[in-house]
Amino acid sequence: EAVQAKLARVKLIAMDVDGVLTDGGICYSGVSEESKTFHVMDGLGIRLALLSGFPVAWITGRTSDAVVRRAEELSITHLYAGVANKSVPLGELMVNYGLESSQIAYMGDDLNDLPAFSLAGVKFAPANAGVEIKALVDFVTEREGGRGAVREFIDAVLKAQDRWTGAVESFLSEAMKSSDNSA
């Protein structure tokens with residue numbers, strides 16, 4: 001089946017954090033402080049998805065104040081941190097939204113994303129994902145994790161559903177009403 005046909009059915013966008021929204025690096029400063037770098041293009045893409053009515057979920061095996069802060073900045077209401085089996089929260093979202101696997105798109109980069117991939121009908125990986133992951137996904141982005149891969153993922157979904165122009169118009173309308181540039 002063509003990727004475009006799969007993308008046309010997507011109703012929920014979910015993703016890993018480390019290695020997808022970030023480059024996978026973890027910087028420790030002090031005993032409990034952890035810093036991560038996020039890409040603004042990914043943030044804007046997430047805003048476009050949310051403005052288009054897509055629920056967006058972040059599912060990560062780690063816990064980090066930096067991830068919580070970024071999720072809050074972007075109005076992510078489905079943040080699951082410290083999750084060993086990523087299929088559990090994804091399954092809960094499926095039930096809560098009344099979705100089938102074919103309506104879920106998930107982006108992951110490593111072996112810990114395999115449980116989530118088992119439920120997702122559309123599978124994405126960033127360019128720097130593990131070779132085993134790249135072999136089983138529908139789409140590998142040109143961009144690496146933490147470098148705009150999520151934006152590329154979301155743009156593909158929006159464009160396949162002819163929602164790109166409306167999403168951009170909604171974003172620009174929102175931007176004109178506000179001086180907040182938190183993408």
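Colleague: Which residues form the aromatic cluster?
Modeller: Phe 124, Phe 139 and Phe 153 form one cluster. Keep in mind that this is a predicted model.

Colleague: And how many aromatic pairs does the structure hold?
Modeller: It holds 4 aromatic pairs. Take Phe 124 and Phe 139 as one of them. Their ring centres are 5.0 Å apart and their planes meet at 55°, so this pair is tilted.

Colleague: Where do those two sit in the chain?
Modeller: Phe 124 is in strand β7, residues 122–125. Phe 139 is in strand β8, residues 139–140. They are 15 residues apart, so the pair links distant parts of the chain.

Colleague: Is Phe 124 buried or exposed?
Modeller: Buried. Its relative accessible area is 0%, and buried means under 20%. Phe 139 has 28%, so it counts as partly exposed.

Colleague: What about Phe 124 and Phe 153?
Modeller: They form a tilted pair too, with 4.4 Å from centre to centre and 50° between the planes. Phe 153 belongs to helix α7, residues 149–160, and lies 29 residues from Phe 124. Both Phe 124 and Phe 153 are buried.

Colleague: New topic. At what angle do α2 and α8 pack?
Modeller: About 105°, with 9 Å between the axes. Helix α2 covers residues 40–51, and helix α8 covers residues 164–177. The range from 65 to 115 degrees counts as roughly perpendicular, so that is how α2 and α8 are arranged.

Colleague: Which residues make the contact?
Modeller: From α2, there are Leu 44, Arg 47, Leu 48 and Leu 51. From α8, there are Trp 164, Ala 167, Val 168, Ser 170, Phe 171 and Glu 174. By class, that gives 7 nonpolar, 1 polar and 2 charged residues.

Colleague: How accessible is Ser 170?
Modeller: Ser 170 is partly exposed, at 30% relative accessibility.

Colleague: What is Lys 86 in contact with?
Modeller: Leaving aside neighbours within four places in sequence, its contacts include Asp 16, Asp 113, Tyr 106 and Asn 112. Ile 59, Thr 60 and Gly 61 are also among them.

Colleague: Where do Ser 75 and Asp 162 lie?
Modeller: Both are in loops. Ser 75 lies between α3 (65–73) and β5. Asp 162 lies between α7 and α8.

Colleague: How accessible are they?
Modeller: Ser 75 is partly exposed, at 43%. Asp 162 has 73% relative accessibility, so it counts as exposed.

Notes
Residues are numbered from 1 along each chain as its sequence is written. This is a predicted model: local features need pLDDT of at least 70, side-chain atom pairs count only at pLDDT 80 or more; totals for chains, interfaces and linings use all residues. Side-chain values use heavy atoms; hydrogens and water are left out. Axes are lines fitted to C-alpha atoms, for helices over the stretch in contact, and angles run from 0 to 180 degrees between N-to-C directions. Helices (H or I, at least four residues) and strands (E, at least two) are DSSP runs, numbered from the N terminus. Angles under 35 degrees count as roughly parallel, over 145 as roughly antiparallel, 65 to 115 as roughly perpendicular and the rest as oblique. Contact means heavy atoms within 4.5 Å. Ala, Val, Leu, Ile, Met, Phe, Trp, Tyr, Cys and Pro count as nonpolar, Asp, Glu, Lys and Arg as charged, and the others, Gly among them, as polar. Rings of Phe, Tyr and Trp (its six-membered ring) pair if their centres lie within 6.5 Å; planes under 30 degrees apart count as stacked, over 60 as edge-to-face and the rest as tilted. Buried means under 20% relative accessible area, exposed over 50%, partly exposed in between (1.4 Å probe, protein chains only).
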